[in-house]
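Have a look at the model first, then read on.

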Amino acid sequence: MNHPATILFIAGAFAALVFIIIRLRISQAAYQREVDGWKARLQADLDQARGERDRLLNALGDAVFLIDKESVIRFANKSASAMFGGRELVGRPVREAFLDPRLSQPLFLCLESGEPVQSQVVLSQQTSPRGDQETRGVNAWVIDAAPLVVSKDEMPVIRVVIRDVTAEHQLEQIRKDFVANASHELRTPLAIINGYLENLIEDDMLSEPAMARRFLEIMRKHTERISRIVEDMLVISRLESGEANALKIEPFKLRSCISDILERLESVIREHSATVNVNLADPEVVLHGDRFYFTQVLFNLVENALKQNPRPGLQIAIGSRNANDKIEIWVSDSGVGIPSADLPHIFRRFYRVEKHHSQQEIKGTGLGLSIVKRAIEAHHGTVGVTSTPGKETKFLITLPLAH
Ligand code: ADP
């Protein structure tokens, strides 16, 4: 009698077990699905965070690297690969990727000491990672390396930011050169004036009026020179300041501007027996710009032609023509010209072709063409020069007509 009951019980228990197993399997599968879902969501979040990090770091103008303790590059942003000419950087040791030890040295210092390191590196064009892409002589970089704070079980890494400071470095260099050159240019006439003053006072020259007068005249010439240098430096500084009110824009006729300078230079033109031909395609052409600076530009160009060519018979041509929406204005002369080696430097401040001159022979401040260039650039134009010595030296200004 008990037998069927036992069988029934066992069957019931078995059925319950099967049911439990099936339920367990179902919930295990559901759990697995949920875990997979979490994993996928976590991965998506991680990918998104990584993507955002990369986008952010790639948007930076500075080169950013992550470097592990074996000095292998683990991450490099877009600016970093651009800096190294698109070379593959990730996975490579710093020493191999950076090539120049001067660039990698601060990183090793940081890796060894565990302390932040900052240094500026100036490399010549050939040795800089950009190679010959740069047109100027040197590249300057600020390298900033610092350890990243990581948890105990993570590998220590350092982050490195390399900033290109070439433009700032060049500006600083130009400023230093300018101060050095300006001091030198001012010191020379000052020393001469001092010398004559000493003669006048200590050698009691005042009792010889003829001699004293000659000395005073020389001194006056050199004081005038100092005033001209200071005046020219102020004009350059005003033009470079970029102030909106540095220029007084107004319409004026090019012809009237030319007449003014020819009037001012009339006696020198006569002295040199030079001829000046003016040929404007449109004699009524109107320019919109600062008349004062334009007059100075044309004055400097015509005066230079006369100054550099004292021999009689010089021919000077001033002309203009419209080219599309631009106007070209030129001043050319038939004089000694400018050697081709000097042409690229001719617009630099204090640059002169003849470097060895006695005090009596100094003809200008060396700032005339700098003023020309800056004044034309302030009017959104360009100026260039071509020269065939003895034939034609031509300064060509191109300006947008709207200005
Ligand atoms: P400077 O005050 O000495 O004239 P600039 O900047 O005006 O200075 O000119 C720089 C140099 O360029 C001059 O010293 C001169 O050697 C050369 N130069 C400029 N214009 C001419 C020209 N028309 N013919 C020959 N040389 C020129």
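In this predicted model, helix α6 passes helix α10 in a left-handed crossing. Helix α6 covers residues 209-240, while α10 covers residues 368-378. Their axes are 10 Å apart and meet at an angle of about 25°. Angles under 35 degrees count as roughly parallel, so α6 and α10 are roughly parallel to each other.

Who does the touching? On the α6 side, the contact is made by D232, V235, I236, L239 and E240. On the α10 side, you'll find S370, I371, R374, A375 and A378. Sorted by class, that's 6 nonpolar, 1 polar and 3 charged residues.

Among the α9 residues making the contact are Y293, F294 and N304, and the α10 residues include G368, L369 and I376. This contact has 9 nonpolar and 4 polar residues, but no charged ones.

Next up is the ligand. It is surrounded by 18 residues, and the closest are N304, D333, T365, G366 and L369. Remember N304 and L369? Both also take part in the contact between α9 and α10.

Here are some distances to ligand oxygen atoms:

| Residue | Atom in the residue | Distance to a ligand oxygen |
|---|---|---|
| K307 | polar side-chain atom | 2.9 Å |
| T365 | backbone N or O atom | 2.9 Å |
| G368 | backbone N or O atom | 3.4 Å |

How values were computed: Residues numbered from 1 in each chain as written. Predicted model: local features only at pLDDT ≥ 70, side-chain atom pairs only at ≥ 80, totals over all residues. Heavy atoms only, no water. Axes fitted to C-alpha atoms, helices over the stretch in contact; angles between N-to-C directions. Helix = DSSP H or I, 4+ residues; strand = E, 2+ residues; numbered from the N terminus. Parallel < 35°, antiparallel > 145°, perpendicular 65-115°, else oblique. Left-handed = near helix turned anticlockwise from the far one by under 90°. Contact = heavy atoms within 4.5 Å. Nonpolar A, V, L, I, M, F, W, Y, C, P; charged D, E, K, R; others polar. Near = heavy atom within 4 Å. Polar contact = N/O pair within 3.5 Å; in protein donor to acceptor, adjacent residues only side chain to side chain.
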